[in-house]
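Subject: Handover of a structure and notes on its geometry

Dear colleague,

Please find below the structure that I am passing on to you. My notes follow directly after it.

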Amino acid sequence: MTATMAAPATVHTTYREAIRAALRDAMQRDERVLLMGEDVGRYGGCYAVSLGLLKEFGEERVRDTPLSELAFTGIGVGMALGGMRPIVEVMTVNFSLLALDQILNNAATILHMSGGQFNVPLVIRMTTGSGRQLAAQHSHSFDGWYAHIPGLKVLTPATLEDARGMLWPALQDPDPVLIFEHGALYNMEGELAADAGPVDIARAKVMRPGTALSILTYGGTLFKSLQAAEQLAGEGIDAEVVDLRVLRPLDTDSILDSVRRTHRVLVVDEGWRSGSVSAEVSARITEGAFYELDAPVARLCSAEVPLPYAKHLEDAAVPQPATIAAAARQLVGR
Amino acid sequence: MTATISPSATVSRDHGLHLLQQMLRVRRFEEKCAELYGASKIRGFLHLYVGEEAVVTGVMEALRPEDAIVATYREHGHALLRGVPGESIMAEMYGKVEGCSRGRGGSMHLFDAKTRLYGGNAIVAGGLPLAVGVALADRMLGKDTITACFFGDGAAAEGAFHETLNLAALWSAPVLFCCENNRYAMGTALERSHFETDLSKKAAVYGIASRAVDGMDVLAVEAAAREAADAVRATGRPHFLELRTYRFRAHSMFDAELYREKAEVEEWKQQDPVPALIELMRGEGTLQDADVERIETDVAAEIERAVAFAEAGTWEPVEDLTRFVYSEAPG
């Protein structure tokens, strides 16, 4: 007995290719969508994300920019105000600081300052995070800083599904959306549903259900946390892992639901500890589920140091599977 | 001797009256704002345009209703001459919900979607990239428009100015850059901020057609703006005007003006664009005292209506505080 062969349900792909597929899809669907940034065109993208798009969509819609983060981000704001749907790519989150004025003082603010008259449907993609020995001006995680700003939405795709699926809903959003792509994930390979498409950009997601504790994390530390959870499972510790996915607005309900299931929480955050996403998550748990806790909320963050170049030092500065597992054991008293 | 208008200049009676009225609308509006600030009706920072009226008056003559405008925090006159009702501007100054930005912006952030006024930007040079973006979007969407971008001499020291001019030239953005050079970046004189004080040269090095214009001469400003705006429309390329002007009043209401001599201010007041135009028209026999009186009466009535509207305006309910942080679903 043989059934007819079904079309393959999944395709083998990478995080980089998934983002490229999302870009191509968006540009095919909506002529107002354009991509601009440093080396996005002829070079094919600083991290090769946009390879081939210039040839397919032309100079008007795939714009190489000079090294002028402030101006081209601001031009993106203006294009959005004028009715286009620009995607601005910033090579590295550290460089986005050169454009911070436009992101904060204009993109995030004009809707409010204008009394609701002018919205800014702008998407800014940038590379964040460590793990590539790029030292202290190319490796930081400022995702949490941006999550501080009212008027912005902040997305942190960590999975292939989110790399493929977050861009389109971000472009549909009437307000500015920042997408943080973790640089260490671009080469990540895996299987993605052949018909993968838009995903929700509102909710956190339980990636691994568990009962002993909740590991809440996002971005570059998601898969490290899942690795740690596997290791812990072998030791009889059943950890739940939640991908926050959206840092602003934070999905507080999903966070609190997880707390109510496990009663112990470890927040893993590649940002610096002080004033971080982990601090905000911890505060919300204290506010919303204090009496559900069997232990104080634990946090594992990056060391408060500009990231060093040497591999052993960089590795030591950011959460790793082993340190995540150790923090989890401590939390459950093992 | 007050006139700075070229002796060979001439203007028709109707057009001269129109320009005079526009300048006086701005002048008297600003004077009323200063008075209302003194009465604590207007708070925050308030930057007045008194002395610079020829600039906005002349440039606005070159713009069409479908064009876009990006301005600075010294923009009451720009909003007014663009056609934003004085009532909603004054209500905004008062912080009332009937204001053109619902009281969320105040003096520095006048916005108006109807007339395509994209602010009121209070980050110096922050509006330049915005203007290029709006202009490029218009072109990509097939609109036959230009964007006028106003900024001061202070902006020419900002990185955003240089980055943006380079990109405007490179990407051929239909923008009319209007540098309102009033000689002071807040309280620091041009000579103390720039080694090269000819700001028009700074645009020229980026390959943008650029010229300096006597910003105290409304006819010269209008002529230059029409020519430049026509060129932007015809070529699709940016143009730059450095409009040399002077503000007669302090930078803001908190400014004690320790950085400039009274004699300098008085000297510039001799070039006041309003009496200069009056004198020219009188010389041509096209303006009578009754004309000026009529204009002043009309302008006073307009301002009175604006103040009455603002006074009668209401405060947005505090429950609405967090509106307009994100777009609201239609309906």
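The notes below cover the contact between the chains, a helix pair and some backbone features.

This is a predicted model, in which local features need pLDDT of at least 70 and side-chain atom pairs count only at pLDDT 80 or more, while totals for chains, interfaces and linings use all residues. Residues are numbered from 1 along each chain as its sequence is written, and chains are lettered from A and ligands numbered from 1 in the order in which they are written.

Contact between the chains

In chain B, 33 residues are in contact with 34 residues of chain A; two residues are in contact if their C-beta atoms, placed from the backbone, lie within 7 Å. On the side of chain B that touches chain A, β2 (117-121), α5 (127-140) and α6 (159-170) of chain B each supply at least two residues. The most comes from α5(B), with 10 residues. Helices (H or I, at least four residues) and strands (E, at least two) are DSSP runs, numbered from the N terminus. By class, this side of chain B has 18 nonpolar, 10 polar and five charged residues. Ala, Val, Leu, Ile, Met, Phe, Trp, Tyr, Cys and Pro count as nonpolar, Asp, Glu, Lys and Arg as charged, and the others, Gly among them, as polar.

A helix pair in chain B

Helices α1 (residues 13-38) and α12 (residues 289-312) of chain B pack at an angle of about 45 degrees, and their axes are 9 Å apart. Axes are lines fitted to C-alpha atoms, for helices over the stretch in contact, and angles run from 0 to 180 degrees between N-to-C directions. The two helices, α1(B) and α12(B), are therefore oblique to each other, a term for angles that are not under 35 degrees (roughly parallel), over 145 (roughly antiparallel) or 65 to 115 (roughly perpendicular). Residues of α1(B), including L17(B), L20(B) and F29(B), meet residues of α12(B), among them I295(B), V299(B) and I303(B). The contact of α1(B) with α12(B) has nine nonpolar, one polar and six charged residues.

Backbone features in chain A

The peptide bond from R248(A) to P249(A) is cis, with omega near -5 degrees. P249(A) is in the loop between β12 (246-248) and α11 (252-262) of chain A.

A48(A) is not a glycine, yet has a positive phi of about 60 degrees. A48(A) lies in the loop between β2 (33-37) and α2 (53-57) of chain A.

Yours sincerely
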